[in-house]
Amino acid sequence: MIFLKHSESHLPQITLIGKDANPEPHMNTKRISSDYIFYIITMGEIFFNENGREYHLKKGDCFLFEPGLLHFGTQKSVYNLIYFHFKPDNIILKDIEYSAWLDFAQEENKKWLTGRTDEADNSIILPKQVSFNDDTVFLNIVKLAEKAVEKQKIRLENYNTLCSINLLEMFIEIYRQYVFASSKKSNKSTGSTYLINEV
């Protein structure tokens with residue numbers, strides 16, 4: 001699986017942010033971006049191809065487009081989404097086995113919960129595609145994204161930094177929820193860590 005690794009010590013450098021609403025069937029055009037593009041699908045569904053691979057996203061899905069790869073719509077779609085474009089600085093793409101990622105994430109989780117923060121990796125490792133079935137969890141992620149969109153619209157002092165902080169906070173929340181859901185699904189999380197997460 002392809003994962004994005006981002007250090008918490010650096011803010012993502014946003015170049016574009018906003019909402020895209022398509023109440024009528026719409027076909028996305030071909031493009032290659034020099035930035036990462038992060039989609040949060042808030043309504044409907046979207047069909048596209050990236051680098052020869054077909055994807056079908058629907059409400060509750062988050063997806064990361066990679067810089068330098070051709071992507072385009074494969075059929076007309078009706079959807080609403082929130083998008084973030086950000087520079088590839090301080091970002092690493094890693095091809096990791098899912099089980100190895102989960103072991104790493106759970107070990108990091110234990111370090112934070114037991115106060116061993118000086119030993120923690122301090123990075124966020126997100127999969128290329130995440131799906132949230134829990135409406136409450138997804139709504140919290142959307143709210144964080146919308147905060148950034150609103151700051152960008154108002155454009156008060158240092159709004160760009162605040163937008164980046166919101167994006168980083170959103171990445172952390174997605175990471176937490178994905179680790180928790182993956183641990184619960186695999187039954188690999190045991191003992192106090194699992195119980196604390198449940199609470």
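**Exercise 1. In this predicted model, work out how the length of helix H1 compares with the span expected for it.**

Solution. Start with the boundaries: H1 covers residues 98-113, which gives 16 residues. Next, take the distance from the first C-alpha to the last, which is 22 Å. At 1.5 Å a residue, 22 Å is also what one expects, and the helix comes close to that. Now look at which H1 residues are buried: Trp 101, Leu 102, Ala 105, Gln 106, Glu 108, Asn 109 and Lys 111. Finally, step just past the end of H1, where Gly 115 has a positive phi of about 80°.

**Exercise 2. Decide whether Asn 28 is buried or exposed, and find its partners.**

Solution. First locate the residue: Asn 28 sits in the loop that links strand S2 (14-26) to strand S3 (31-32). Then check its accessibility. The cut-off for buried is under 20% relative accessible area; Asn 28 has 17%, so Asn 28 counts as buried. For the partners, set aside residues up to four places away in sequence; Asn 28 then touches Tyr 39, Ile 46, Phe 72, Gly 73 and Tyr 79. With Tyr 79 there is also a polar contact, side chain to side chain, at 2.8 Å.

**Exercise 3. Find which residues of the largest nonpolar core touch the most other members, and which elements supply this core.**

Solution. The core has 36 residues, and those touching the most other members are Phe 38, Ile 40, Phe 84, Phe 86, Trp 101, Met 170 and Ile 174. Going through the elements, at least two residues each come from strands S4 (36-50), S6 (61-65), S8 (77-86) and S10 (123-127), and from helices H1, H2 (135-154) and H3 (159-186). H3 gives the largest share, nine residues.

Now zoom in on Phe 84. Leaving out neighbours within four places in sequence, its contacts include Ile 14, Leu 16, Phe 38, Ile 40, Ala 145, Leu 167 and Met 170. Lastly, a second, separate core holds twelve residues, among them Phe 48, Leu 57, Phe 63 and Tyr 83.

**Exercise 4. Describe the protein as a whole: its helices and strands, its burial and its contacts.**

Solution. Count the elements: four helices and eleven strands. Of the 199 residues, 42% are buried.

Methods. Residues numbered from 1 in each chain as written. Predicted model: local features only at pLDDT ≥ 70, side-chain atom pairs only at ≥ 80, totals over all residues. Heavy atoms only, no water. Expected span 1.5 Å × (residues − 1). Buried < 20%, exposed > 50% of the residue type's maximum accessible area, 1.4 Å probe, protein only. Contact = heavy atoms within 4.5 Å. Polar contact = N/O pair within 3.5 Å; in protein donor to acceptor, adjacent residues only side chain to side chain. Core = buried A, V, L, I, M, F, W, Y, C linked by side-chain atoms within 4.5 Å.
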